[in-house]
Amino acid sequence: MADKGYIFRVLKNASFGKMKTAIKAVHERSGKNSISIFFDMLWCAKRYGAGYYDYEIFAFYNLNKEQRKTYVTRLISKKLNMFMNDTEYAHLFDNKDEFNELFKDYIGRSYLQMDKSSKEDVRKFVESREYLFCKMQDKECGIGCERLKVSDFKDFDELYKYLVDKGFCTIEDNIKQHPALSKLYPNAVNSMRVITILDNDKVPHCIYIVQKMGCGGSVVDNNCLFTPVDIETGKMKYPAHSGDTTKGIIYTEHPDTHVKIQGYQLPFVKEAVEMCLKAAQVVPQIRYIGWDVAITPDGPAIIEGNTYCAHDFWQLPPHTPDKIGMLPTIKKYVPDFTY
């Protein structure tokens, strides 16, 4: 499976402290001997391209060889992204300004590019808004994002100086989410991650949806809670998993709002899928995209598209009772993908 040098590179680049921590965690969960775990980790790195992180979070210690080979591991994920996405076009998604312009029919909000706007332009944009959502250029996972309340600044000059000094590339309308999403967690826009791929005929398919939820006062939903969503019914399928996938913490209800997770009905899911399938065809050179979608009172709105989809959150043990990973689904639509 893995090339001959892969296991050497894993060992060379591994953090042995983190690997030791992973072995200890697996030992405590499984009761298996630490030495046997270590050698099984090495075998899984060689055979399945799985790092010790994969081994721990996917519970490879509980899987047989047929089950293990269905998982998109770290190495397979990297190869899939290289196979599906032309990096020459990635800037259209990574650059917030370019993305907003290209997908303006799907984002459902007004925005302003700071480097193309005068101070007076910014003033006009700000004066009619209570909140602003501000983004940094070329950042992912909510890094550098801030939600600002305009009245928290003594005047516009103070606000403008803050925007410039922070280096925000884009200021946008603060998205008003659907009451059903606010009921889950009111302090952040709880977005859905909708993953699409284009098959070899460039026909788009939705292969997975996960609902993300903020918690603990966070104004973004990254690395908080998440659970898979049934594409047909729009209901959350399982209890939520913690954003730190190594912890394996499960929530049957939201820790802040106490809303029961499993079976919770989400609105406009089919509409969100339809929107993402259309958006997936705008840049056909990027065939594998993770869309973050907000659900507003009027329907779905795309927040951003990610050209590198994390491979961990859609294959975790609490959400895969059949112990089957995502690779068979991907191969169904892209049979010529080799790894």
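**Overall form.** I note that the model is a predicted one. Along the principal axes, I find that the C-alpha atoms fill a box of roughly 65 × 45 × 40 Å.

**Secondary structure and contacts.** I counted 14 helices and 11 strands in the protein chain. I then took the contacts with a separation of 6 or more and found that 62% of them join residues 24 or more positions apart.

**Burial and surface.** I find 53% of the 339 residues buried. The protein chain exposes about 16000 Å², and carbon and sulfur atoms supply 52% of that area.

**Charges.** I recorded 46 positive and 44 negative side chains in the protein chain. The centres of these two sets lie 8 Å apart.

**Aromatic rings.** I examined Phe93 and Phe103: their ring centres are 5.5 Å apart and their planes stand at 45°, so I class the pair as tilted. Which parts of the chain does this pair tie together? Phe93 belongs to helix H7 (residues 91-94), while Phe103 sits in the loop between helix H8 (96-102) and helix H9 (104-107), so the pair links parts that are 10 residues apart in sequence. I checked burial as well, and both Phe93 and Phe103 are buried. Finally, I noted one aromatic cluster, formed by Tyr48, Tyr55, Phe58, Phe60, Tyr61 and Tyr71.

Notes: Residues are numbered from 1 along each chain as its sequence is written. This is a predicted model: local features need pLDDT of at least 70, side-chain atom pairs count only at pLDDT 80 or more; totals for chains, interfaces and linings use all residues. Side-chain values use heavy atoms; hydrogens and water are left out. Helices (H or I, at least four residues) and strands (E, at least two) are DSSP runs, numbered from the N terminus. Buried means under 20% relative accessible area, exposed over 50%, partly exposed in between (1.4 Å probe, protein chains only). Contact means heavy atoms within 4.5 Å. Accessible areas come from the Shrake-Rupley method with a 1.4 Å probe; for residues, only the protein chains shown count as cover. Lys and Arg count as positive and Asp and Glu as negative; His and the chain ends are not counted. The place of a charge is taken as NZ of Lys, CZ of Arg, CG of Asp or CD of Glu. Rings of Phe, Tyr and Trp (its six-membered ring) pair if their centres lie within 6.5 Å; planes under 30 degrees apart count as stacked, over 60 as edge-to-face and the rest as tilted.
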